[in-house]
There are 2 protein chains.
Amino acid sequence: MSNLTIDAERLWDSLMETARIGATPDGGIARLTLSEDDRRVRDWLGAQCDALGLSMTVDEAGNMFATRPGTRADLPAIAMGSHLDTQPTGGKFDGVLGVLAGLEVLRTLDAAGYQTEAPLMLVNWTNEEGSRFSPAMLGSGIWAGVYSREYGDGRADARGDTFGASLDRIGYRGEAKAGAVRFGAMFELHIEQGPILEAEGIQIGVVQGIQGMRWFELTLTGTAAHTGSTPMGMRRNALLGMARVIEGIDRIAKAHQDAVGTIGFLEISPNSHNVIPGEVRATIDLRHPSDAVLDRMQAEVEALVQDAAGAVGLESRLEQISRTAPVVFDAECIASVRAGAQAAGYSTRDIVSGAGHDAAHTAAKAPTTMIFVPCKDGLSHNPAESAEPAECAAGAQVLLEAVLDYDRRMAETRKGAAA
Amino acid sequence: MSNLTIDAERLWDSLMETARIGATPDGGIARLTLSEDDRRVRDWLGAQCDALGLSMTVDEAGNMFATRPGTRADLPAIAMGSHLDTQPTGGKFDGVLGVLAGLEVLRTLDAAGYQTEAPLMLVNWTNEEGSRFSPAMLGSGIWAGVYSREYGDGRADARGDTFGASLDRIGYRGEAKAGAVRFGAMFELHIEQGPILEAEGIQIGVVQGIQGMRWFELTLTGTAAHTGSTPMGMRRNALLGMARVIEGIDRIAKAHQDAVGTIGFLEISPNSHNVIPGEVRATIDLRHPSDAVLDRMQAEVEALVQDAAGAVGLESRLEQISRTAPVVFDAECIASVRAGAQAAGYSTRDIVSGAGHDAAHTAAKAPTTMIFVPCKDGLSHNPAESAEPAECAAGAQVLLEAVLDYDRRMAETRKGAAA
């Protein structure tokens, strides 16, 4: 325990203050990346960092890095952060909490005059949501070298406006080359975006990694025919085949611990009351923390589709349309979160993120982990997204404790290595 | 056998001649009811009837009745006919064949100088398709007293144009009151609109009646949630429940001989790759020739929905949105079709119509039956709708034989009653 306590009210006030930037009448936020509202919230963040005397660097992808010196300037910074952009139907906590909690940690240290050994850094990643410019996690992806600056600049929104032009327009094209700003570790606090912590009454999720994800498009083709005059024995009902696939995917996911599997998108043709569906198209979403398990699940889905199509006399086409490898977070970072939560007296459980985060990109470049706090009904990307002040404060306190623990832990490691 | 043979080439020429009225580039017909093209094909039919010296009556719903006298003017006419309107994506045979085959029968009798005892009548019903003005079978429904003239006149198309105004505009508002023109029997020749005859290599379907039909709208409601962060055990996946209903309806229909059951329309919400479906809406179409069986099927579907919704934790709403009673055709009319087909040497099978027809309305007012001929791949309401010249000719020949058989049959019945 650090004997330092974050200011829960100050954190909440900052959350509510930024929530006015891009606020929607239903209580949500529509603060699309690189919009005027994004500029305003970035300016606000810059002013808060200025007030703390932090030095701000912006890179060529608009990622913002504010640094607070440690006692040793030669050490890489310990970073905290997330993103300030939202979905068009976003809420007040997704992303914002991770940035403002990091700010609150720095404010708390500043007020206490406490200096870490390593520098601390607050990060705001550009375009995590990907809802204006696809793909999601673009800023951290450019930082990590997954995407080039040119690729990023060329991404266009629905009206043809580009990422690069928007970045220039709002004045957040920085001088720093992507990837030039480095840090020694990253802690990202985030709402869970799922129902587990709330259902189990747990305050802190100690995040172990991010699930791997495989998406497939499945098309089943039979014969469209009159529902009244086509006997059951003479049908090739594409929807019947798809029903068996829906059921089978649920069964496959339930058979593998920690797996999820879903058909969320489905389109049938011709979709008429009195015509047997001739073609059904769907996307299959499989996720698991282990690539080996995903391999097995994929093989089972392939067999399922063959069986279901064969039994109904359908043609099938199954194509992988997206694949993301699982991310395993850093053991030392995880240990610091666990120690921090324990020190602060919060209940914890290990958890794996089902959603993607900037932490997936930072994990490839630096020791990384995440901290989850509960959100009401597991809801996010929704104006009704909600977290309690005490839940947000718990997350920020654990973020503070984890960062201080990690700073001490690294100092001891260095001592051990020097001895 | 009558020793009379219809002229297969003349019939085919008439089919191809009328197919030019409203022809579409893909080989189909778009001859919407009460359109200019409908007026042209009606004028064409009127001219053919004039050439045969028939007397034409048009009723206030635009139904056309052309009468050829028999040897006894006191007997009710034996009618033949169907409809000349098509779907927007209609083919060359649906409806048209029944009218033109009736015309061919009258031409054959005229050429042979053969006179039946009862008068014969050729009927063209208005708006069988119902695709411009809903409901389908409106003209025969007004004739049968199922709908009032006022109800019919008020039906509006997608642009707000009404049935009544369109009828006046094309000049086919007749003087005769709906239902005033009566007949003693009705024979409707039609393409099967299903695959059974073609699959079994049968030339003539001896139609026993029309299936009863019940339509339901089913809504299953669960919880929309993130596909990645919502564990399998915490889901209320509305699509999983619907998959079980789709499978169950197939099972229920297969368990009842001659039943069909289908979900043809399905809509899921929010229908996004990475969101568990929170709500799914579908229509259920159940058909069977017996109302008692339909009662049992309906009860089984109700139990199925309860089970499927219960197992997944969904709310369900099942509403009947349409119900049509089965139609059983007249035994004497059916006997005449069977005798006629046998006399002409065609293979037959008993069959029940899965689609609705004007014959459903006439059956309530006069002895009625239908004759089916095969159509390629069971297709209709499609430009690719197709029947061979020989198949059409077989249908027309059986229509001729059936009408003559029925005329003789009734004459014998009258003799028997008089004796």
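Student: What makes domain 1 and domain 2 of chain A separate units here?

Tutor: Chain A is divided into domain 1 (8-210 + 327-418) and domain 2 (212-324). The bounds come from an automatic or database domain assignment. The C-alpha centres of the two domains of chain A lie 37 Å apart.

Student: What kind of model is this, and how are residues and chains labelled?

Tutor: This is a predicted model, where local features need pLDDT of at least 70, side-chain atom pairs count only at pLDDT 80 or more, and totals for chains, interfaces and linings use all residues. Residues are numbered from 1 along each chain as its sequence is written, chains are lettered from A and ligands numbered from 1 in the order written, and side-chain values use heavy atoms, without hydrogens and water.

Student: Why is α9(A) called a helix, and what span is expected of it?

Tutor: A helix is a DSSP run of H or I with at least four residues (strands: E, at least two), numbered from the N terminus. α9(A), residues 291-312, has 22 residues. The expected span is 1.5 Å times one less than the number of residues. For α9(A) that is 32 Å, and the helix reaches 32 Å from its first C-alpha to its last.

Student: How do you know that the buried residues of α9(A) line one face?

Tutor: Buried means under 20% relative accessible area, exposed over 50%, partly exposed in between (1.4 Å probe, protein chains only). Among the buried residues of α9(A) are Val293(A), Met297(A), Leu304(A) and Ala308(A). Down the axis, the buried residues of α9(A) fall within an arc of 135°, so they line one face. The arc is taken over directions from the helix axis to the C-beta atoms. The face turned away carries exposed residues, including Gln306(A) and Asp307(A).

Student: How do you know that Cys49(B) is in no disulfide?

Tutor: A disulfide is a pair of cysteine sulfur atoms within 2.5 Å. The whole structure has zero disulfides over all chains. For Cys49(B), the nearest cysteine sulfur, that of Cys392(B), is 19 Å away. Cys49(B) is buried, at 1% relative accessible area.

Student: What makes Leu34(B) and Asn271(B) stand out in phi?

Tutor: Most residues other than glycine have a negative phi. Leu34(B) has a positive phi near 65°, and Asn271(B) one of about 60°.

Student: Are Leu34(B) and Asn271(B) buried or partly exposed?

Tutor: Leu34(B) has a relative accessible area of 2%, so it is buried. Asn271(B) is at 24%, so it counts as partly exposed.
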